[in-house]
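The stops below go from one element to a whole chain, and then to where two chains meet.

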Amino acid sequence: MHKESSLNEKDIGLINEMSKKCSTDASQALSVMTGRELEVTIFDAQNMDTEQFSKQHGADEIAFTVYLEINGDISGGIALIFEQSSALKIAEILLNREEGSMKLLDDLGRSAIKETGNILAGNYLATLADILDIHVLESVPYMAQSTLNSALSTISVEMSKNADEALVLNMDIAISGSRATAQMLMFYDNASAEKLVKIIRSK
Amino acid sequence: MAEEIYEVGMGEYMVANDPITLVSKGVGSCIVISLYDRTSKIGAMAHAMLPKKTSLKSNNECKYIDIVIPKMIDELRKLGVDTKNLIAKLAGGANMFNGENQFASSIGDDNISHAVEILNDFDIPIDGESVGGTSGRNVEFNLTNGIMAIVSKI
């Protein structure tokens, strides 16, 4: 299949390295908020067809997906994914509720999850903008409560308006002392990914 | 004869006949369009992503509604289907990221209205639909009876 991106492995490696610093800062912000230690696992970035990533990352299970659009010097999106059980645990921690007491996510719980996504994404992007000295605008957080594959397919559609391919960064964030985890996916269209590499190289 | 199941992924379409079932999973703002001829039990299903082809160079034009519907009709004609016998069904076009912060994009709504417009252009009646809302859908289109079954987890 024709690949429109000119990013090579070294370029993607540069983006990976930068992403590690950004996600560490983002998780520290959540650590302060929850009073818990966090463990971040970062997987290698992948360049993939926009049609493919929802298939690869999206299970047919209910999840809470918080999505922010990115504009400014680069464009793309950032999605924070919380499986239902993790969302309940995180909401309990943030709302100081007894462990196991939440069976359904109420309005306050939904708001807590949206804010968690907002903090992770916001801090990730703030570090990115700071390191690269670029202007990054994030949208307000949007949340979907549905099967993960349908939420990610909607993000695929948004990305596919601008490009056939996207660079996808994938990381897991686990809260210690709890089985709560979140997955963060970062998407850049190819023009933005190439722009990022140019900026990183010039630093 | 045993029923066979084929998955139609995002940006794909398939033309098939009885006893096949075509399946699309995780349909969010995309739209699934099925066409069916009850007489011959031949049909087609597309999992389209966007309303219209733009100036953007794309590797996969079947993701556009305005390309994939005529393509399916053309292939059905080649199989001997009279387009006067065709009926259509639609599923998808959800606004997944909704709530107090209204998602700026209206792609789900745009997909629904564009699919309806193109089917009208071809005089193909819409026999059933499950569109809009804020939940994803799994779609199963059975070519033995033309039934499109929708499963939505909430």
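Select helix H1 of chain A, residues 9–34. In this predicted model, the end C-alpha atoms of H1(A) lie 36 Å apart. That agrees with expectation, because 26 residues at 1.5 Å a residue should span 38 Å. Step past the end of the helix to Gly35(A), which follows H1(A) and has a positive phi, near 70 degrees.

Followed along the sequence, the order in chain B is β-β-β-β-β-α-β-α-β-β-β. Chain B has a radius of gyration of 15 Å, close to the 15 Å given by the globule rule for 154 residues, so chain B is as compact as a globular protein of that length. Its C-alpha trace spans about 50 × 35 × 30 Å along the principal axes.

Now bring chain A back and select the residues in contact between the chains: 32 in chain B and 35 in chain A. About 2700 Å² is buried between the two chains, and carbon and sulfur atoms give 56% of that area.

Which side chains meet in a salt bridge? Zoom in on Lys153(B) and Asp60(A), with an N to O distance of 3.7 Å.

Finally, select strand E3 of chain B, residues 20–27, which gives the most to the side touching chain A, with three residues. Coloured by class, that side of chain B shows twelve nonpolar, 14 polar and six charged residues.

Methods. Residues are numbered from 1 along each chain as its sequence is written. Chains are lettered from A and ligands numbered from 1 in the order in which they are written. This is a predicted model: local features need pLDDT of at least 70, side-chain atom pairs count only at pLDDT 80 or more; totals for chains, interfaces and linings use all residues. Side-chain values use heavy atoms; hydrogens and water are left out. Contact means heavy atoms within 4.5 Å. Buried area is the accessible area (1.4 Å probe) that two parts lose on being put together, summed over both. A salt bridge is a side-chain nitrogen of Lys or Arg within 4 Å of a carboxyl oxygen of Asp or Glu. Helices (H or I, at least four residues) and strands (E, at least two) are DSSP runs, numbered from the N terminus. Ala, Val, Leu, Ile, Met, Phe, Trp, Tyr, Cys and Pro count as nonpolar, Asp, Glu, Lys and Arg as charged, and the others, Gly among them, as polar. The expected span of a helix is 1.5 Å times one less than its number of residues. The radius of gyration is taken over C-alpha atoms; the globule rule is 2.2 Å times the number of residues to the power 0.38.
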